[in-house]
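Morning, everyone. I'll take a few minutes on one structure today. Please look at the screen.

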Amino acid sequence: MNQGPDAAAEEPGEDTVRELAGLARDWAAAIVANDPARIADFMADDWVIVSASGIDPKERFLSLVESGELTHSAMDLRTRPRVRVYGDTAVVTGRVTNTAHYRGERYDADEWTTDVFVKRDGHWRCVLSHITSAAPDITSAAPE
């Protein structure tokens, strides 16, 4: 299989789509539970999140949750995730709304999220999450 930069995405089977969509839902539930150990189970050691504030590593994100400085009370997937598989790498994109508190201040977000998963030792682990604020008047679903 061509794994170069021009490698085409494989059409993932329905089982793979269900597995990765379920993984995304379970990860969201772990985040809402504000349980750092449970959240960490979904992340690779080198995971980072990219947002408007820059790049934050796994350790920083989990320490904020551990300290209670960052909590989530809601996280809901608003679209069917778009799943593409490239060998042992999968890209999952969807629209998510969430409610968080950061250092005591409430934030309600409507975001497009992209998570890059890599299959290692038979388990999918996220290596990168990217969040982008959704435009307020746009209601489009993730393209198939």
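Start with phenylalanine 117. Its relative accessibility is 0%, so phenylalanine 117 counts as buried. Buried here means under 20% relative accessible area, exposed means over 50%, and partly exposed is in between, with a 1.4 Å probe and protein chains only.

A word on the source. This is a predicted model, where local features need pLDDT of at least 70, side-chain atom pairs count only at pLDDT 80 or more, and totals for chains, interfaces and linings use all residues. Numbering runs from 1 along each chain as its sequence is written, and side-chain values use heavy atoms, with hydrogens and water left out.

Next, tryptophan 27. Tryptophan 27 is buried, at a relative accessible area of 6%. Phenylalanine 42 is buried too.

Now the rings. How many aromatic pairs does a search of the whole structure find? Four. Rings of Phe, Tyr and Trp (its six-membered ring) pair if their centres lie within 6.5 Å; planes under 30 degrees apart are stacked, over 60 edge-to-face, and the rest tilted.

Tryptophan 27 and phenylalanine 42 are stacked, 6.1 Å centre to centre with 15 degrees between the planes. Tryptophan 27 is in helix 1 and phenylalanine 42 is in the loop between helix 2 (36-40) and strand 1 (43-51), so this pair ties together parts 15 residues apart in sequence. Helices (H or I, at least four residues) and strands (E, at least two) are DSSP runs, numbered from the N terminus.

Tryptophan 27 also pairs with phenylalanine 117. The centres are 6.2 Å apart and the planes are at 70 degrees, so that pair is edge-to-face. Phenylalanine 117 sits in strand 6 (residues 105-120), 90 residues from tryptophan 27. Put together, Trp27, Phe42, Trp47, Phe61 and Phe117 form one aromatic cluster.

On to the core. A nonpolar core is a set of buried Ala, Val, Leu, Ile, Met, Phe, Trp, Tyr and Cys residues joined through side-chain atoms within 4.5 Å. The largest one has 25 residues, and those touching the most other members are Leu20, Trp27, Ile39, Met43, Trp47, Phe61 and Phe117. Which element gives the largest share of this core? Helix 1, with six residues.

Take leucine 20. Leaving out residues up to four places away in sequence, leucine 20 touches Val83, Val85, Ala90, Val92, Phe117 and Trp124. Contact means heavy atoms within 4.5 Å.

Last, what follows helix 1? Asparagine 34, with a positive phi near 55 degrees.
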